[in-house]
Amino acid sequence: MQYLAKNQALANAQDSIILGVFENGELTPSAELFDHLTEKSLSQLIKDGEMQGKVGDIMVLRHVPNSPAVRVFVVGCGKKDALSVKDYRKIYALLIKEIEKTACKSVVSYLNEVALKDRHLVWQLRFAVESMQNARYVFDDFKSKKTANDANIAEFIFNVKEEQLAQAQEILAQACAIEYGVKMTKDLANCPPNICNPAFLALQAEGLASRSHKIETVVINEAQMQELGMTSYLAVSQGSVNEAKMSIMTYRNAPNPEAKPIVLVGKGLTFDAGGISLKPGAGMDEMKYDMCGAATVYGVMNALAELDLPLNIIGVMAGCENLPDGKAYRPGDILTTMSGLTVEVLNTDAEGRLVLCDALTYVKRFEPELVIDMATLTGACVVALGAHNSGLMTEDETLAQQLLSAGDETQDKAWRLPLGEEYNEQLKSNFADLANIGGRWGGASTAGTFLANFTEDYRWAHIDIAGTAWKEGSEKGATGRPVHLIMQFLLNLAKA
């Protein structure tokens, strides 16, 4: 389905149109015009109590006398001038499902006339595309019977003012590229661990480079990691028959090719059983999602390949698998990281930081402008923030505000959690420079502080997505977060 922007006069509509009605019975301007053309057809619906205008109310009218369109979707928009982002998304998610039930091939939406509270055209279009693409998402690659898609719709047109056309077309191109990246993140994260192992992550990175001339990919294998001294990363992997692989995707498009890159690092534990510190069996299937940080990086790089942002960006997927085995690393082991710092392993289920610390040391060679790592790192972050906000940690005030602002803009929200020397105190070991856990309290911050010890040579932020990267239960599946946050951050940098 294509998303298009046009200045489409209501009188010239042919296939289908979307009109808005408010709770008090008031009509949007285009709905008023339609009501006039059709001898008060909408007013009569409201008078009869068949359309109350509540958020999510949808009626489909067909062959209305004097209607310029064959089919009219009448949508409840709640109270006038009070439509929230949440309700706006709900409207479009429900709407696309109703449209797909019909024979509609082309539809023009006049809902841009409905003011989205504290938002302008950019967000009206972005949130609409995001909501519809999320509602249409299906992952049935491993089902013997695929989900039937009988939808006829080929184009979804947003009606905009003539002077808004150029901007709207640019916004829609961005939205489609970002949603493509979100889909690629979801698809990769939802893939089962018997298919999606570190080698599979590497294949996806190489495949992206083959599809796009804007991306170059290099894969670091275990032999190369050994030569580099990445023994902390390798320790986590040694209990698995699946070799660790670190995939590095490079996008260079800055006006100055020598401009320092922004580096994105994603934790890629394609399955995390906890190692010797074995996790409980209940819900362990969801540990295939422990690579959602890497999946986010992959999605962002796919979105960048569709856009033309004037930036240099390097995406790193730190692929690994953490399993119990006779060769697995143990509680009590002392590891020497690539940086030279030593770590006493107190819990092998705190493995993500042991992979990331070497990856974060490795990326120093790129002389980065800044580094952002994304990881399903701690259950403590889920306890603190639930499934609503990702946990942001950084001591760089400017970077913190830029990321928080991008999260607020996109509603892919983050909440800042503290770092500091007091958390480093919890990581003291009698036998090594650091312990890999800091006790029961403040687990998200002790994990972030552990990583901070390996990022002193560049600007850095850590985003803990353990609570936001996937949903549990009947809705189990990857969310695609925080692709929207990261892409908006990059868009904002590109504008600046």
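In the predicted model, Arg-119 is in contact with Val-85, Phe-127, Asp-408, Glu-409 and Gln-411, when its neighbours within four places in sequence are left aside. The residue belongs to the loop that runs between strand E5 (106–109) and helix H4 (121–136). Arg-119 is buried but forms no salt bridge. The nearest side chain of opposite charge is that of Glu-409, at 6.3 Å; a salt bridge would require a side-chain nitrogen within 4 Å of a carboxyl oxygen. Backbone atoms are reached instead: the side chain of Arg-119 lies 3.0 Å from the backbone oxygen of Asp-408, and a polar atom of that side chain is 2.6 Å from the backbone oxygen of Glu-409.

Helix H1 spans residues 29–37, and its buried residues are Ser-30, Ala-31, Phe-34 and Asp-35. These residues lie on the same side of H1, because the arc they cover around the axis is only 140 degrees. In general, an α-helix has 3.6 residues a turn, so residues three or four places apart point the same way. Pro-29 and His-36 are exposed and sit on the face of H1 turned away from the buried side. The cover over the buried residues of H1 includes strand E2 (16–21), helix H2 (41–47) and strand E4 (71–76). Glu-39, which follows H1, has a positive phi, near 55 degrees.

A further position, Lys-97, is part of helix H3 (residues 85–100). Lys-97 counts as partly exposed because its relative accessibility is 37%. Apart from neighbours within four places in sequence, Lys-97 is in contact with Ala-135 and Arg-136. Between the C-alpha atoms of Lys-97 and Ala-151 the distance is 9.3 Å, although the two residues are 54 residues apart in sequence.

Over the whole chain, the secondary structure consists of 15 helices and 19 strands. The radius of gyration is 25 Å, close to the 23 Å given by the globule rule for 496 residues, so the chain is as compact as a globular protein of that length. Taken along the principal axes, the box filled by the C-alpha atoms is roughly 85 × 50 × 45 Å. Buried residues make up 58% of the 496 residues of the chain. Of the contacts between residues at least 6 apart in sequence, 77% join residues at least 24 apart.

Conventions: Residues numbered from 1 in each chain as written. Predicted model: local features only at pLDDT ≥ 70, side-chain atom pairs only at ≥ 80, totals over all residues. Heavy atoms only, no water. Helix = DSSP H or I, 4+ residues; strand = E, 2+ residues; numbered from the N terminus. Buried < 20%, exposed > 50% of the residue type's maximum accessible area, 1.4 Å probe, protein only. Lys, Arg positive; Asp, Glu negative; His and termini not counted. Polar contact = N/O pair within 3.5 Å; in protein donor to acceptor, adjacent residues only side chain to side chain. Contact = heavy atoms within 4.5 Å. Arc of directions from axis to C-beta. Rg over C-alpha atoms; globule rule 2.2 N^0.38 Å.
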